[in-house]
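Trainee: I've got a structure open and I'd like to learn how to read it. Can we go through it together?

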Amino acid sequence: MSSSCALCVTSLLSCSSTRRRGRSSSVSKGQDAEWWRSAVIYQVYPRSFADGNGDGTGDLAGVRQHLGYLRDLGVDAIWFTPWYVSPLADGGYDVADYRAIDPQFGTLAEAEALIAEARELGIRTIVDVVPNHVSAEHPWFRDALAAGPGSPERERFWFRPGRGEGGEELPTRWVSDFQGTTWTRTTDPDGTPGEWYLHLFAPSQPDLNWDHPDVRREHEEILRFWFDRGAAGIRIDSAALLVKDPALPEVPEHPGPGEHPHVDRDELHDVYRAWRAVADSYDEPRVLVGEVWLPDTDRFTRFLRPDEMHTAFNFDFMARPWDAKALRESITTTLDAHAPVGAPATWVLSNHDVTRPVTRYGRADSSFAFAAKRFGTPTDLDLGRRRARAAALLVAALPGALYVYQGDELGLPEVEDLPRELIQDPMHDRSGGIDPGRDGCRVPLPWTRGGSSFGFGPDGGAPPWLPQPAAWGGLSVEAQDADLASTLALYRRALAARRTEPALHDRRLRWLDAVGDVPVGDDVLAFARGGGPGTPGLVCVVNLGPEPVPLPADADVVLHSADPREPLARIATDVAVWLRP
Ligand code: GLC
């Protein structure tokens, strides 16, 4: 293994002398090894973060220009969605070369410099690894198509003859996560219809065969490639889908645990144990974060056993409506399920796949489900903004790691009026235009009040790849920077307090039915963190009910999500407060 690699040594170990605001950025060997248990991880969608070269697409140069912003925001790590060479048929989740940066985003040398510079500021880097499928432009898939049926090249994928006499029927009736079928028929060199290949997502994303040793070996090498370049960890895309039942049966009506032919197969755990061994072989062990969408919390936490992943995204919480009972239940279930495996929970309000919280929480149905996304859903953005601010303080007060998707710290809403012809997300097209797709949460960030792209790119550069709403100057970093009442200011204060409040470093959470002298009802979330002999502890109260909650006598308010310019007399509906009892 390669902890002796020159780049590793400079990027990971030599920055122990640098300091960042409010904390030491010392990351010397052995110290802070469990940083991922309580880290704040900021998700950068490189295409939409900042455009350094003015071509309308975000890039690594743009990220490097704004690293100071991320340091001041108070994040511990950045997770980059895929930046590799890709036709961008699925925003980069269709990788043609896992060891090179797409020229639209920059170069490998820039990625190495970025990782090192971020680390100098005390910010670690997590890269996205996409193991379930590759791009149809990946050399393996091109070779497989060229080599023809029965070739060893095709064994790295799932090529099958069709059913029926002429092979014209699909090998299975599995349904794609992007809707529609999961098989596409190839054409043989003589022009006749050939075998079919499997793709759980779009046809441009053929699934790999994880029973093949090349596939396993290749991914372990990809992990090492990025770990050797200073990546502190990986986010594992579609982590529960890799392994398929080689008999390719139909999906049973009610599959029991481990019985689904392509979701949550027991054999997956061998893959992650092998990856954990790679991650642990570094002097500063690297971290595995799984994208695991599973409704069964016990099956979910099996991925978090001590020799598998370190953490996985908590989508259960993310998908819940703005409802005290639903959120309390999710928090309790999450913490109870994680405790036996010793893994920290994660708290995620959104990401590049889901409707922005400001929009979601402003709707009559504030839960999230892919299948429910529709154009024209009535939304009260003021309500959504109040709730999203309260939600930010709620998640920042919970024990575990916290993910912040770029732009949520600015309170950006989902952009719902993108011209249809500009929507690139395959989810939109494959739904026959019914599902708006995910581009509404991927609109380029506004940095300045004015300018042709609100500072996303240099003035006079090419227009951003997706148009920004005209009002976004008012939501820009520049507009919010000095405004104490802004969502950006709230995030900065919350992340700073999360770092300095000893109570929030304690792993426990205690639900309260009264805060000081004030009893709280079922529609109020109230819990304490830390506290004990000599330490005051911290209480978080979120009012999701219709009535204001009185502040307890002598309460010391640390932070709240209402307007900070006005005295906080009571905890109004949809307001969260951090108190010292
Ligand atoms: C994950 C990604 C999503 C992508 C899909 C297929 O769910 O988050 O953006 O479309 O995997 O790779």
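Predicted model: local features only at pLDDT ≥ 70, side-chain atom pairs only at ≥ 80, totals over all residues.

Trainee: Which residues come nearest to the ligand?

Mentor: There are 13 residues around the ligand, and D90, D237, E291, H352 and D353 come nearest. Sorted by type, this shell has 7 charged, 3 polar and 3 nonpolar residues.

Trainee: What polar side-chain atoms lie by an oxygen atom of the ligand?

Mentor: A polar contact here is a pair of N or O atoms within 3.5 Å. E291 has a polar side-chain atom 2.7 Å from a ligand oxygen. For R235 the distance to an oxygen of the ligand is 3.0 Å, and for S238 it is 3.2 Å. As for cover, the ligand on its own would expose 300 Å², and the protein buries 96% of that.

Trainee: Which pocket is the space taken by the ligand?

Mentor: That space is the largest pocket.

Trainee: Now the salt bridges. How many does a search of the whole structure find?

Mentor: The general idea is that side chains of opposite charge can pair when their charged atoms come close. In this structure the search finds 45 salt bridges. One of them joins R99 and E221, whose closest N and O atoms are 3.9 Å apart, under the cut-off of 4 Å.

Trainee: Why does that pair tie parts together?

Mentor: Because R99 lies in strand 6 (residues 97–101) and E221 in helix 7 (residues 213–228), the pair links parts 122 residues apart in sequence.

Definitions and conventions. Residues numbered from 1 in each chain as written. Heavy atoms only, no water. Near = heavy atom within 4 Å. Polar contact = N/O pair within 3.5 Å; in protein donor to acceptor, adjacent residues only side chain to side chain. Areas by Shrake-Rupley, 256 points an atom, 1.4 Å probe, with all protein chains shown as cover. 1 Å grid on protein atoms, 1.4 Å probe; cavity = no way out; pocket = protein on both sides within 12 Å on 5 of 7 lines; lining within 4 Å. Sits in = over half its atoms within 2 Å of the grid points. Nonpolar A, V, L, I, M, F, W, Y, C, P; charged D, E, K, R; others polar. Salt bridge = Lys/Arg side-chain N within 4 Å of Asp/Glu carboxyl O. Helix = DSSP H or I, 4+ residues; strand = E, 2+ residues; numbered from the N terminus.
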